[in-house]
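Hi,

Here is the structure I said I would pass along.

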Amino acid sequence: MSNSDHSAHLSNSSDCPACPESPVLERISANTKEIGDGFTVRRAVPSVKRRMVGPWCFLDHAGPATFGVGEGLNVGPHPHIGLQTFTWMISGEVMHYDNLGYQQLVRPGQVNLMTAGSGITHAEVSPADWSGEIHAAQLWIALPDSERNRAPNFQHYPDLPIVEQHGFIITVLAGEFCGRTAPAEVFSPLVGVDFFAETTAKSKLKLNPDFEHALLCLEGEANIEGESLAPGTLLYLGKHRDEISISCDSKTRLLLVGGEPFEEEILVWWNFVARTKDEIVKATDDWNSQRHFKAVPDVSLARLTAPKLGDFNPKPSN
Ligand code: MN
């Protein structure tokens, strides 16, 4: 999925409070954004309060939304640099196409991971004959400086480690959790976990105290250390926390993200993660002039256009 927010405010990772030195429970309201065809998402990261959680620099909660045949996701070819896109599918089906030639359907319980590195072009489209509900989390992982110019790549992970504990079905999406390691190839210490309970569940979970963490409720309502959490709010947990109590009384789904605080300052603008404004200007020029970035085969959708650089606004509004 893409950042189609054409206000295109620049998000600077250092332009928010520093990671606190003790655990916190900080509520952050997600912003609602439209990503095309009336499909709205709740954008929890970046926000003015938190630009990143570990290397996770973008977190959209998409849906659940129901679509008829011919509707759904229709994101035309667009570029990325400096990041990995991480798609966690909860319901629905989306086809990924990229300039490397990968064409991959992602289905519920599966992850698509695209490493943009020095530059990639992709499109995401609901299959032509598909109808139903789309519910997904779309995340970006900032690549560290040593890896951000690496060759682009795409990986599909159909089977993820699953642990059942005290009523929760725990799917390890990235990194290590509950002694299980996800297969996703990542380049910074990080974790991503999905917790799902069909009904009442209560568990105490070990966290890596070197990581900062945040929880997002994707469905239902959870109680986190006495804080009620429902969709639309990110609960930032801070660092130096070695366990967390999670409970719910009915069908609930939560997403945990975390990682070592990302020490490098990054700039996020449109679909680019960079270090300097000059890099963003060059990537935008390259895309709009059809240089550097290659075309995506077998996709007839129009290319997305980068916002005007005149709109490049260093003061974020959200
Ligand atoms: Mn994209």
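This is a predicted model: local features need pLDDT of at least 70, side-chain atom pairs count only at pLDDT 80 or more; totals for chains, interfaces and linings use all residues.

**Strand 22 and its partners**

Strand 19 (residues 212-219) and strand 22 run antiparallel, with 4 bridges joining them.

How many residues of strand 22 (residues 233-238) are buried? The count is 6 of the 6, so the strand is largely enclosed by the rest of the structure. If you want to sort the residues by direction, Thr233, Leu235 and Leu237 point one way, while Leu234, Tyr236 and Gly238 point the other way, and all are buried.

**Strand 11**

Strand 11 reads much like a second case to look at. It is mostly covered, with 6 of its 6 residues buried. Ile120, His122 and Glu124 point one way from strand 11, and Thr121, Ala123 and Val125 point the other way. Note that His122 and Glu124 are buried too.

As for pairing, strand 6 and strand 11 are antiparallel and joined by 5 bridges, with proline 79 having threonine 121 of strand 11 as its bridge partner. Strand 8 (residues 94-98) also runs antiparallel to strand 11, through 4 bridges. In that case methionine 95 is the bridge partner of valine 125 in strand 11.

**Helix 1**

Now the helix. Helix 1 (residues 277-288) has 12 residues and reaches 16 Å from its first C-alpha to its last, close to the 16 Å expected at 1.5 Å a residue. Its buried residues are Ile280, Ala283, Thr284, Asp286 and Trp287. Why do they end up on the same side of helix 1? Because they cover an arc of only 160° around the axis. In general, an α-helix has 3.6 residues a turn, so residues three or four places apart point the same way.

On the face turned away from that buried side, helix 1 carries the exposed residues Asp278 and Lys282. After helix 1 comes glutamine 290, which has a positive phi, near 55°.

Cheers

Notes:
Residues are numbered from 1 along each chain as its sequence is written. Side-chain values use heavy atoms; hydrogens and water are left out. Helices (H or I, at least four residues) and strands (E, at least two) are DSSP runs, numbered from the N terminus. The expected span of a helix is 1.5 Å times one less than its number of residues. Buried means under 20% relative accessible area, exposed over 50%, partly exposed in between (1.4 Å probe, protein chains only). The arc is that of the directions from the helix axis to the C-beta atoms. Two strands pair if DSSP finds at least two bridges between them.
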